[in-house]
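Below is a short briefing on one model, arranged by topic.

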Amino acid sequence: MRLVFLGPPGAGKGTQARLITDEYGIPKISTGDMLRAAVEEGTPLGRQVKDFLDRGMLVADDITNRLVQDRLVQAECARGWLLDGFPRTVGQAEALDGLLRERGERLLAAVELRLDDEIIVRRLTERRVCPQCGEIYHLTSRPPRRDGVCNQDGAALVQREDDRDDVVRARLRIYHERHGPVEGYYNRSGALVGIDANQPPEQVHRAIIDALEAARQQQAYAI
Ligand code: ADP
Ligand code: AMP
């Protein structure tokens, strides 16, 4: 199963991606996570992209395309994958399609989580994440059992640099500028599935599962 998750920052892509990858046993590949890890480790790539991440700006296509390409050819991706936060531009979507074509593979669906901006700002400014295992929390809707501490491994939770109010607004502006053509791209290919993300996580999950099963049946029928 090969999937991409689209949608504004804060729509719940990471939260839902975890549930889906656990359920279907495929790896979650988040370009945001890979870039943040590079920054954290201080690699040459990390030094190159740090300023872009801090300001909520998109990193150049050739960088993200290479990251994704290197990852998708690894053995763990042979049975499928879920891309979270990629593609964000038409150039990235075309690069992914090229890669799929070369390998004789197909995308099952481009799942787009849809949510209004005011709700997004509240979700992101109250988001906290575990730097060790990546678990995602929210101060009001999904608080950890102990204040500031990860339920899974006891690590101290952190707020992402780019979840500050001003950076969140910049990220949303960039999202609105760039996303329309990507949505159009997947709409034309027939892969786009829109999901109302303004529901409790379990209901969003159910809606995604239903849409994926429908897409599977449609694809089987088309073959
Ligand atoms: P994204 O990966 O799209 O940026 P996240 O999955 O990190 O989004 O979610 C952003 C914030 O919103 C997190 O704090 C998360 O706990 C919270 N959240 C995710 N899904 C929901 C939901 N359906 N209802 C309420 N809060 C949610
Ligand atoms: P995310 O974790 O998906 O919210 O991404 C965090 C940041 O990483 C973004 O604000 C960008 O700076 C960068 N980034 C992640 N994915 C991409 C991508 N596909 N294209 C360009 N920049 C990206």
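The model is predicted. Ligand 1 has 17 residues around it, and the protein covers 91% of the 570 Å² of accessible area that ligand 1 has on its own. Strand 1 (residues 2-6) is largely enclosed by the rest of the structure, because 5 of its 5 residues are buried. The count of aromatic pairs comes to 1.

**Ligand 1: surroundings**

- Among the 17 residues that surround ligand 1, the closest are Gly10, Thr15, Arg127, Tyr137 and Gln199.
- By class, the shell around ligand 1 holds 7 nonpolar, 7 polar and 3 charged residues.
- Helix 1 (13-24) supplies at least two residues of this shell, and so does strand 6 (136-138).

- An N or O atom in the side chain of Arg123 is 3.2 Å from a nitrogen atom of ligand 1.
- The side chain of Ser141 also has an N or O atom 3.2 Å from a nitrogen atom of ligand 1.
- With Pro201 the contact is made by the backbone: one of its backbone N or O atoms lies 3.4 Å from a nitrogen atom of ligand 1.

**Aromatic pair**

- The count of aromatic pairs is 1.
- The ring centres of Tyr185 and Tyr186 are 5.3 Å apart and the ring planes stand at 80 degrees, so this pair is edge-to-face; the cut-off for that class is an angle over 60 degrees.
- Both Tyr185 and Tyr186 are buried.

**Strand 1: burial**

- How many residues of strand 1 are buried? The number is 5 of 5, so strand 1 is largely enclosed by the rest of the structure.
- Arg2, Val4 and Leu6 point one way from strand 1, whereas Leu3 and Phe5 point the other way.
- Residues on both sides of strand 1 are buried, Arg2 being one of them.

**Strand 1: pairing**

- Strand 1 runs parallel to strand 3 (residues 81-84), and 4 bridges join them.
- For Leu3, the bridge partner in strand 4 is Ala109.

How values were computed:
Residues numbered from 1 in each chain as written. Chains lettered and ligands numbered in written order. Predicted model: local features only at pLDDT ≥ 70, side-chain atom pairs only at ≥ 80, totals over all residues. Heavy atoms only, no water. Near = heavy atom within 4 Å. Polar contact = N/O pair within 3.5 Å; in protein donor to acceptor, adjacent residues only side chain to side chain. Areas by Shrake-Rupley, 256 points an atom, 1.4 Å probe, with all protein chains shown as cover. Nonpolar A, V, L, I, M, F, W, Y, C, P; charged D, E, K, R; others polar. Phe/Tyr/Trp six-rings, centres within 6.5 Å; stacked < 30°, edge-to-face > 60°. Buried < 20%, exposed > 50% of the residue type's maximum accessible area, 1.4 Å probe, protein only. Pairing = 2+ DSSP bridges.
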